Amino acid sequence: MKICVIGAGYVGLTAGACLSEIGHNVICVDNDKVKINNLKKSIMPFFEPELFEIVSSNLKRRSLSFSLDISDAIKKSDVCFIAVGTPQKADGSCDLSSVFDVAKQIGKSINGYKLIVNKSTSLIGTTEKIKKIIQLETSSDIDVIVNPEFLSQGSAVKNFLKPDRLIIGATSQRAIEIFKKIYSPLLISSERFVVMDEKSAEMTKYASNIFLATKISYMNEIANLCEKVGANINNVKLGMSYDNRIGDKFLNSGIGFGGSCFPKDIEAILSLAKEFNCNLDIVSSVGLVNKNQRKIFLNKILNKFNNNIPNKVFSIWGLSFKPDTSDVRCSPSIDIISFLLDCNAKINVYDPKANNNIKDMFKDKISYFDNPYEALQNADALIILTDWKEFLSPDFNKIKTLLKTSIIFDGRNLYDKNYLLSLGIEYFGIGV
Ligand code: UDX
């Protein structure tokens with residue numbers, strides 16, 4: 001099938017590359033000239049495991065191409081996926097202007113029946129609005145459906161090619177059949193292929209993301225209490241996880257969630273609820289607990305140094321908001337580095353993929369290292385902010401030798417407190 005994907009960000013680029021991988025002819029469109037020119041040469045705009053490989057192989061076999069010309073891409077395609085950004089406005093609400101601009105361009109360029117699939121995370125009611133905008137520009141026959149994307153950064157390709165469910169909000173039988181045909185190579189079982197009305201599908205995306213964020217904030221609150229009463233959150237988590245009703249995912253306490261989805265989605269839903277005069281007390285608490293979790297962690301650092309950290313040197317391992325990505329959007333590392341800099345501390349950082357993205361923000365205010373151990377030289381403490389696999393079993397003796405004082409603040413609970421204490425390393429985790 002001939003498909004165009006409008007927007008070559010995390011969702012659009014992954015979707016475009018994977019759709020070409022499963023046999024479709026895909027044009028990926030973006031209005032960022034540099035990005036498109038780079039992608040034509042297989043130069044990726046961000047790090048995502050396996051993405052480079054499928055982009056370059058599908059470019060070679062010409063099943064995937066990149067273009068700046070949205071009108072031409074729409075004309076050449078039977079199906080158009082919308083995957084542009086829906087950033088947060090200053091008041092917390094969701095900025096849908098890029099989605100609506102694309103809808104208008106689709107309406108202006110359309111040359112016959114098209115199926116339009118919205119994949120951008122969009123507020124409830126957006127599918128209907130997209131349809132109206134297109135219909136103002138054309139009398140061509142169209143179907144507009146919504147297909148929320150549930151992929152996670154760091155495992156996006158795997159998630160796309162082996163989705164745990166496919167959800168569409170659609171009423172037109174013709175649209176449902178075309179969509180099923182597009183995804184048929186993924187052999188998803190019929191009970192995991194869920195068709196519902198548009199508004200429910202749009203809400204499912206927000207409800208899922210915020211539920212996961214709720215699990216994290218809940219565990220962070222329990223971890224804080226564990227610390228006060230002398231319990232260990234790692235044991236509590238293990239005990240809870242054997243209850244099938246709870247499960248073992250998203251129970252890790254730490255410095256709170258970041259990324260481009262959870263924080264933004266919470267604000268968007270709160271703003272929508274306000275419009276409808278509907279109180280969402282749990283959702284607003286999830287956001288508050290998350291913001292507070294960074295402060296609680298920073299207080300541990302301040303307390304240890306008797307509130308005296310000017311000129312103290314901190315070595316930070318991990319900058320991305322989660323492992324296996326170079327993305328630092330809403331990453332806890334930004335809040336933590338900003339606070340420490342405001343206190344006139346000195347900061348050395350190491351991240352396997354995200355150094356450059358943090359450098360764009362903090363420039364020469366902090367020092368960047370290509371090797372985790374070099375970042376430790378003469379530091380007063382090591383601070384762990386991302387749970388990259390390479391941090392799981394480091395050489396603790398080397399850490400001890402390189403640090404000026406053997407102290408680890410572990411924002412991701414990677415290490416065993418008693419083991420570190422036995423090595424003579426002072427350890428501060430979360431809820432342990
Ligand atoms: C999320 C959803 O998981 C995905 O389904 C949706 O499509 C987009 O938003 P993503 O933002 O890529 O994906 O990352 P995710 O793995 O959900 O992690 C989000 C944040 O939560 C990270 O900062 C991570 O470190 C944190 N987290 C996750 C925890 O603090 N504890 C956990 O147990 C799990």
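Tutor: A crossing of two helices is called left-handed if the near helix is turned anticlockwise from the far one by less than a right angle, and right-handed if clockwise. The model is predicted, and local features need pLDDT of at least 70, side-chain atom pairs count only at pLDDT 80 or more, while totals for chains, interfaces and linings use all residues. Residues are numbered from 1 along each chain as its sequence is written, and side-chain values use heavy atoms, with hydrogens and water left out.

Student: Is the crossing of α1 and α3 left-handed or right-handed?

Tutor: The axes of α1 (residues 10-21) and α3 (residues 51-60) come within 9 Å and cross at roughly 55°, the axes being lines fitted to C-alpha atoms, for helices over the stretch in contact, with angles from 0 to 180 degrees between N-to-C directions. This angle makes α1 oblique to α3, since under 35 degrees counts as roughly parallel, over 145 as roughly antiparallel, 65 to 115 as roughly perpendicular and the rest as oblique. Helices (H or I, at least four residues) and strands (E, at least two) are DSSP runs numbered from the N terminus. The way α1 passes α3 is left-handed.

Student: How many charged residues does the contact of α1 with α3 have?

Tutor: With contact meaning heavy atoms within 4.5 Å, α1 contributes L13, T14, A17, C18, S20 and E21, and α3 contributes L51, I54, V55, S57 and N58. Ala, Val, Leu, Ile, Met, Phe, Trp, Tyr, Cys and Pro count as nonpolar, Asp, Glu, Lys and Arg as charged, and the others, Gly among them, as polar. By class there are six nonpolar residues and four polar ones, and the number of charged residues is one.

Student: Which elements are included in what covers the buried residues of α3?

Tutor: A residue is buried under 20% relative accessible area, exposed over 50% and partly exposed in between, for a 1.4 Å probe and protein chains only. In α3 the buried residues are L51, I54, V55, S56, N58 and L59. The elements that cover them include α1, α2, β3 (64-67) and α7 (156-161).

Student: Which residue takes a positive phi just after α3?

Tutor: Most residues other than glycine have a negative phi. Elsewhere, S42, in the loop between α2 (33-40) and α3, has a phi near 65°, and K363, in the loop between α14 (355-362) and β11 (367-369), has one near 45°. S42 is buried, with a relative accessible area of 15%, whereas K363 is exposed at 51%. Just after α3, a positive phi of about 60° belongs to R62.

Student: How many charged residues does the contact of α12 with α13 have?

Tutor: The axes of α12 (residues 281-304) and α13 come within 11 Å and cross at roughly 40°, and the two helices are therefore oblique to each other, in a right-handed crossing. R294, F297, L298 and L302 of α12 meet P332, D335, I336, F339 and L340 of α13. Seven of the residues in this contact are nonpolar and none is polar, while the charged residues number two.

Student: What is the relative accessibility of D327?

Tutor: D327 lies in the loop between β9 (313-317) and α13. D327 counts as buried because its relative accessibility is 4%.

Student: How far apart are the C-alpha atoms of I124 and Y206?

Tutor: I124 sits in the loop between β5 (114-118) and α6 (126-137) and is partly exposed, at 23% relative accessibility. Beyond four places in sequence, I124 touches K199, E202, M203, Y206, I269 and L272. Although I124 and Y206 are 82 residues apart along the chain, their C-alpha atoms are separated by 9.2 Å.
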